[in-house]
Amino acid sequence: MKLILASNSPRRKEILKAAGYAFTVIPSDYAENDEKDPVSTAIDNAKGKAEDVFSRLDNKKDKIVLGADTVVFFEGEILGKPASEEDAINTLKRLSGNVHRVVTGYALAGERGVKTGYDVSEVTFNELSDELIREYVKSGSPMDKAGSYGLQDGFPIVKSFKGDKNNIIGLPLYKIKEELDGRL
C-alpha cells in the first residue's frame, strides 16, 4: 500500500516523517466548512479531503489517502484560521488566560472505503500581553493555523495541555497508527 497525505500542512508532514512513514502529498481541493459542532466539522472536513484526493487518483489500487482537519473550539464557537492580522490578534486576546478544546478529525480513504475518527485535547493559554500578541502575529506564525496559534511555534502562548501534543499540532498519529500499519 502507498500512503498519500491530502494536505500541504508542514506540521502534518513533519509528524508523519518523524514516525517513519513514506508518503506523497496531493493537496485536497475540498472546501472546508465549520457550520456544525467541532467533532462533526473536523471529521466531515477530513473525510471530504481524503475522498476528494482518492477520487482524483488515476490508479486507486493499493493507495490509502489520509485527510485531517483541526479545529479550535472556544465558548461555543469554532475558531478557524485568521482572515487577517487583526483577526489573529482578536482571537489570541479571546483565548488569553482561558481553556479551549482542539479537535482533529482524520479519514483514511481506500478501496475498502473510508475509516474516520477524531481526538480531542484541552489547551490552557497563558495570560498574553498585547506586546507578545503583536510580536507573535508579526512573526506570521499564526496566520495559517486554526485558533491563530501553534503549540510548536516557540512563543510562550500555551501554559499547559491535556491530551496528545500531535493532535494539537494537527494529526493524532497514535489514534491512526494501528490503522495505517494494518493497511500499509
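Residues are numbered from 1 along each chain as its sequence is written, and side-chain values use heavy atoms, with hydrogens and water left out. Because the model is predicted, local features were required to have pLDDT of at least 70 and side-chain atom pairs were counted only at pLDDT 80 or more, whereas totals for chains, interfaces and linings use all residues. Helices (H or I, at least four residues) and strands (E, at least two) are DSSP runs, numbered from the N terminus.

Strand β6 spans residues 113–125 and contains D119. Two strands are taken as paired if DSSP finds at least two bridges between them. By this criterion, β6 pairs with strand β5 (residues 99–110) in the antiparallel sense over 12 bridges, and a hairpin joins β5 to β6 through two residues. Within this pairing, V120 of β6 is the bridge partner of V103. Strand β6 also pairs with strand β7 (residues 158–162), again in the antiparallel sense, over four bridges; here K162 of β7 is the bridge partner of E122.

Burial was assigned from relative accessible area, with buried meaning under 20%, exposed over 50% and partly exposed in between (1.4 Å probe, protein chains only). A salt bridge is defined as a side-chain nitrogen of Lys or Arg within 4 Å of a carboxyl oxygen of Asp or Glu. For charge, Lys and Arg count as positive and Asp and Glu as negative, while His and the chain ends are not counted. D119 is buried yet has no salt bridge, and the nearest side chain of opposite charge, K175, lies 4.1 Å away. The side chain of D119 does make a polar contact with the side chain of Y174, at 3.2 Å. A polar contact is a pair of N or O atoms within 3.5 Å; within protein, one must be able to donate a hydrogen and the other to accept it, and residues adjacent in sequence count only if both atoms are side-chain atoms. With neighbours within four places in sequence left aside, the contacts of D119 are V102, V103, T104, D164, N167, P172, Y174 and K175.

Helix α3 (residues 85–95) has A88, T91, L92 and L95 as its buried residues. They cover an arc of only 95° around the axis and therefore lie on the same side of α3, the arc being that of the directions from the helix axis to the C-beta atoms. The elements covering these buried residues include β3 (63–74), β4 (77–79), β5, β6 and α4 (130–138). After α3 comes G97, whose phi is positive, near 75°.

In α4, the buried residues are L132, I133, Y136 and V137. Their arc around the axis is only 125°, so they lie on the same side of α4. The exposed residues E131 and K138 are carried on the face of α4 turned away from its buried side. Helix α3 is included in what covers the buried residues of α4. G140, which follows α4, has a positive phi near 85°.

G80 is placed in the loop between β4 and α3 and counts as partly exposed because its relative accessibility is 33%. Although G80 and D34 are 46 residues apart in sequence, their C-alpha atoms are 8.0 Å apart in space. Residues up to four places away in sequence not being counted, G80 touches K145, A146, G147 and S148.

A search of the whole structure finds 13 salt bridges. One of them is formed by the side chains of D69 and K49 (3.3 Å, N to O). This pair links distant parts of the chain, with D69 in strand β3 and K49 in helix α2 (residues 38–56), 20 residues apart. Both D69 and K49 are buried. The side chains of E77 and R94 also meet in a salt bridge (3.0 Å, N to O). That pair likewise links distant parts of the chain, E77 in strand β4 and R94 in helix α3, 17 residues apart. E77 counts as partly exposed at 37% relative accessibility, as does R94 at 30%.

A further salt bridge is made by the side chains of D144 and K145 (3.5 Å, N to O). D144 is partly exposed at 33% relative accessibility, whereas K145 is buried with a relative accessible area of 8%. Salt bridges that share partners join R11, D144, K145 and D153 into one network.

Key: Contact means heavy atoms within 4.5 Å.
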